[in-house]
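Please open the model in your viewer and keep the sequence panel beside it, so that each selection can be followed in both places.

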Amino acid sequence: MLTPVTDPDGAPFWRYAAQGELRVQACADCGEPRFPPRPCCPHCQSFETEWRQVSGHGRIWSYVVPHPPLLPDYAAQAPYNVVVVELTDHPRVRLVGNLVRSAGAPLNSLDPGRIRIGARVHVVFSDGLPQWVLS
């Protein structure tokens, strides 16, 4: 399994995901949600943050299906998809992940021909990683 590289700003995202919760960083002053996580609010320049739970529902905004040649760890799983999901409750927040058949299914478990821009999806978790399934 490929595991994410974390940094101090994004570490809370992964801690919540390990608990089966999808949360995004938000400004504690102006309330604007943001992703990816960063130390300063791009709207009001505040350094105050909080992590808000989101519904986990969204739509596919974009996607790609990488094919070899790829780095060895990725080539073993190709072809697989990488989707950009726009959250329903926060349309300016977009998360990158994989669309799978069901929680815990391999990255290449869904036929790429079934992926459509605008398709409704919802988050599932497997070993602390958020994944997406068709709704």
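This tour goes through a predicted model, starting at a helix and moving on to a sheet and some aromatic rings.

Begin by selecting residues 11–18, which form helix H1, and colour Ala-11, Pro-12, Phe-13 and Ala-17, the buried residues of this helix. As you look at their spacing along the helix, keep in mind that an α-helix has 3.6 residues a turn, so residues three or four places apart point the same way. Now ask what covers the buried residues of H1. Show strand S1 (23–27), strand S3 (49–53), strand S7 (120–126) and strand S8 (129–134), which are included in that cover.

Follow S1 and S3 along their antiparallel pairing, which runs over five bridges, and then select Cys-27 to find it opposite Thr-49 in S3.

Turn now to the aromatic side chains, and select Phe-13, Trp-14 and Phe-35, which ring pairs link into a cluster; the count of aromatic pairs comes to four.

Finally, look for charges over rings: Arg-23 lies over the face of Tyr-16, at 4.4 Å from the ring centre, while the charged end of Arg-94 sits over the ring of Trp-61, 3.9 Å from its centre.

How values were computed: Residues are numbered from 1 along each chain as its sequence is written. This is a predicted model: local features need pLDDT of at least 70, side-chain atom pairs count only at pLDDT 80 or more; totals for chains, interfaces and linings use all residues. Side-chain values use heavy atoms; hydrogens and water are left out. Rings of Phe, Tyr and Trp (its six-membered ring) pair if their centres lie within 6.5 Å; planes under 30 degrees apart count as stacked, over 60 as edge-to-face and the rest as tilted. A charge sits over a ring if NZ of Lys or CZ of Arg is within 6 Å of the ring centre and within 35 degrees of the ring normal. Buried means under 20% relative accessible area, exposed over 50%, partly exposed in between (1.4 Å probe, protein chains only). Helices (H or I, at least four residues) and strands (E, at least two) are DSSP runs, numbered from the N terminus. Contact means heavy atoms within 4.5 Å. Two strands pair if DSSP finds at least two bridges between them.
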